[in-house]
Amino acid sequence: MFSSHGTPTAQVITATADVQAHVRDIGRVLAALPLSPQIKAAGRLELATVEAALAAPEIDREQIADVMHRLTETLTRAGAFLLAGRALQEPIVAIAGWLGAPGDSVVRLLG
């Protein structure tokens with residue numbers, strides 16, 4: 001979603017299951033993109049790290065934000081957002097919104 005100023009806004013999600021669904025969405029988009037095997041492997045590793053963090057007894061939003069930041073930087077450098085557009089941006093923005101303040105840096109990368 002985007003604000004009236006054209007900047008990404010987060011879809012409001014509250015449940016961990018919703019975040020997990022967005023992580024899976026990102027994984028599906030990543031798998032379909034014509035990116036190098038190294039970029040795809042790095043993306044899968046970052047997504048697996050997020051999935052593990054979501055399964056922990058206490059969810060560390062700072063850790064997830066760091067991983068999402070790295071993933072977003074990697075995908076930006078690889079041109080993934082130019083290829084996938086909203087299909088990739090929307091789930092990342094939704095996760096960043098769920099993260100709250102720790103996710104702000106992710107949203108800034110997309111802005």
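The side chains of R70 and E46 meet in a salt bridge, with 2.9 Å from N to O. R70 lies in helix α3 and E46 in helix α2, so the pair ties together parts that are 24 residues apart in sequence. The model is predicted.

**Exercise 1.** Describe the surroundings of E46 and the accessibility of both partners in its salt bridge with R70.

Solution. 
- Step 1: E46 has a relative accessibility of 13%, which means that E46 counts as buried.
- Step 2: R70 reaches 38% and counts as partly exposed.
- Step 3: Setting aside residues up to four places away in sequence, E46 touches V67, R70 and L71.
- Step 4: E46 and L71 are 25 residues apart along the chain, and their C-alpha atoms are separated by 6.3 Å.

**Exercise 2.** Find how many salt bridges the whole structure holds, and describe the one formed by R28.

Solution. 
- Step 1: A search of the whole structure gives two salt bridges.
- Step 2: R28 pairs with D25, and their closest N and O atoms are 2.3 Å apart.
- Step 3: R28 and D25 are three residues apart in helix α1 (residues 16–32), so about one helical turn separates them.
- Step 4: R28 is exposed, with a relative accessible area of 52%, while D25 at 27% counts as partly exposed.

**Exercise 3.** Name the residues of the negative surface patch and place E58 in the chain.

Solution. 
- Step 1: The patch is formed by E58, D60, E62 and D66.
- Step 2: E58 sits in the loop between α2 (37–55) and α3 (61–77).
- Step 3: A patch residue needs over 30% relative accessible area. E58 has 71% and is exposed.

**Exercise 4.** Summarise the chain as a whole, from its elements to its surface.

Solution. 
- Step 1: The secondary structure comes to six helices and zero strands, in the order α-α-α-α-α-α from the N terminus.
- Step 2: Of the 111 residues, 38% are buried.
- Step 3: Among contacts between residues at least 6 apart in sequence, 65% join residues at least 24 apart.
- Step 4: The accessible surface is about 5,900 Å², and 55% of this belongs to carbon and sulfur atoms.

Note on methods. Residues numbered from 1 in each chain as written. Predicted model: local features only at pLDDT ≥ 70, side-chain atom pairs only at ≥ 80, totals over all residues. Heavy atoms only, no water. Patch = residues over 30% accessible without salt bridge, like charges linked within 9 Å, V, L, I, M, F, W, Y side chains within 5 Å. Areas by Shrake-Rupley, 256 points an atom, 1.4 Å probe, with all protein chains shown as cover. Salt bridge = Lys/Arg side-chain N within 4 Å of Asp/Glu carboxyl O. Lys, Arg positive; Asp, Glu negative; His and termini not counted. Charge placed at Lys NZ, Arg CZ, Asp CG, Glu CD. Helix = DSSP H or I, 4+ residues; strand = E, 2+ residues; numbered from the N terminus. Buried < 20%, exposed > 50% of the residue type's maximum accessible area, 1.4 Å probe, protein only. Contact = heavy atoms within 4.5 Å.
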